[in-house]
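Good morning. Today I shall describe how two protein chains meet. Please look at the structure as it comes up.

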Number of protein chains: 2
Amino acid sequence: MNKDLYVALKSLNLKATPKRLAILDILVAESVYLAPEEVWRKMRKRFKSIGLPTIYRNLEDLANGGVLIKIIHPDRKLYYYLCANADHHHHFICINCKKVEDLSYCGAEEIEKEVKKNLKGRVISHLMQVFGLCKDCSVSRTIAT
Amino acid sequence: MNKDLYVALKSLNLKATPKRLAILDILVAESVYLAPEEVWRKMRKRFKSIGLPTIYRNLEDLANGGVLIKIIHPDRKLYYYLCANADHHHHFICINCKKVEDLSYCGAEEIEKEVKKNLKGRVISHLMQVFGLCKDCSVSRTIAT
DNA sequence: TCGTAAATAGAATTTATTTCTATTTAGATA
DNA sequence: TATCTAAATAGAAATAAATTCTATTTACGA
C-alpha cells in the first residue's frame, strides 16, 4: 500500500483498517470529488457488508486530519475528494464532470491583512471555491444537470 | 416600507406579500446571518400561522434574485443574511457572534486569469468566505459553541 | 498471543429540506 | 373599485442526509 498514506494515518492515530484504506483507495483512484453516498456505492462492490455510518465517520475523520478535503457544493450537499497536499485548499471545480483542479493563486495574505487592519479581527479559516467548466467541458457545450 | 427593497422585488417578479416583507425585515434588522429555522422562529412571533416551506421558498427565491446571500457554513447547515449590494460576495464571518462584515479584497481577476490561462477553463461562479473572530469576539476569548 | 481501545454493522433516529394539494391573496386589468 | 389570475401559502406528508446507539469485531502495541 501507499507508504505516505500509511504514515499519514499513523500520525492521526487512525488504524489502517481495510475499509478505511479502501475509502482512500477509491478517492485516490478517482480524480473527481464524490459524495459520501457515492463512496458507499463503490464500497459495496468491494465489501459484502458496509454501513453508511462507516463511510461518514471515516470521511469526516480523514477530512479533519487533513487527508481529505471537504468540498461544499452550492446545492447543500457535501462532497469529498482526496487531497495530496493538505496545505492547498483552493480549487477549481468543474460543475459538469466534477473534476477538481488546484489553483495556485490564493489571496490569503491580503485577506488576513485586511481583516487585521480594517476589521481588527482574526482569521481562523477561509474557503475559496471556484466553480466553472473545465477545458474539456467548455469545449463541448452541453452541460449535464 | 423600504423603497429599494420594493423595487428589487418588482424586478424579480416577486410579489410583496406580508410574509416575504417580514422575512426581509427580519434579515435587515439583524446584521447577523440566520438559519432558515431561526427565521421561522422569529416569523412565528409575528404570524399565527406560518409554514417552514414558506421560509425556505422565500429565502431561496430571494437568494436566487441576489437580494439575499446564501452563506455556506463549514458544518453543513445553510445560513442566510441580507445583502445590501448584490455585487459583493466576499465576507468575513464571525463564528462566535455570527456577525457578517464585507471584505473589499477580491482576487476574482487573478483567479479568472489563472483558470483561463493554465487550466483553459471557464469560471462561472466563485465563493469566498473567511471565518474567524471579529474585533469584539477576539478580545473576549471565550468562544460559544 | 493476548488485551484493549478503536472500528464496525445494522437498526433506529434525528434533522433538514422538499413535495404535494387545496386554499388564499397580491396586484394587474377592466 | 370589482374582478380575475397567476403567484403565494398552510399544513401534512414524504424524502434525503447525517447521526446515534449497542453489541460485536478487529488492528496492533506490549
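I begin with a pair of strands: β5(A) is joined to strand β5 (residues 122–133) of chain B by eleven bridges, and the two run antiparallel. Two strands pair if DSSP finds at least two bridges between them. Strands (E, at least two residues) and helices (H or I, at least four) are DSSP runs, numbered from the N terminus. To take one bridge, A:S125 has B:F131 in β5(B) as its partner.

A word on the source. This is a predicted model, in which local features need pLDDT of at least 70 and side-chain atom pairs count only at pLDDT 80 or more, while totals for chains, interfaces and linings use all residues. Side-chain values use heavy atoms, without hydrogens and water, residues are numbered from 1 along each chain as its sequence is written, and chains are lettered from A and ligands numbered from 1 in the order in which they are written.

Now the interface as a whole. Contact, meaning heavy atoms within 4.5 Å, links 36 residues of chain A with 37 residues of chain B. Which elements of chain A each supply at least two residues of the side that touches chain B? They are β1 (68–72), β4 (100–102), α5 (108–119), β5 (122–133) and α6 (135–139). The largest share, twelve residues, comes from β5(A), the strand with which I began.

Finally, salt bridges, where a side-chain nitrogen of Lys or Arg lies within 4 Å of a carboxyl oxygen of Asp or Glu, number zero between chain A and chain B. Thank you.
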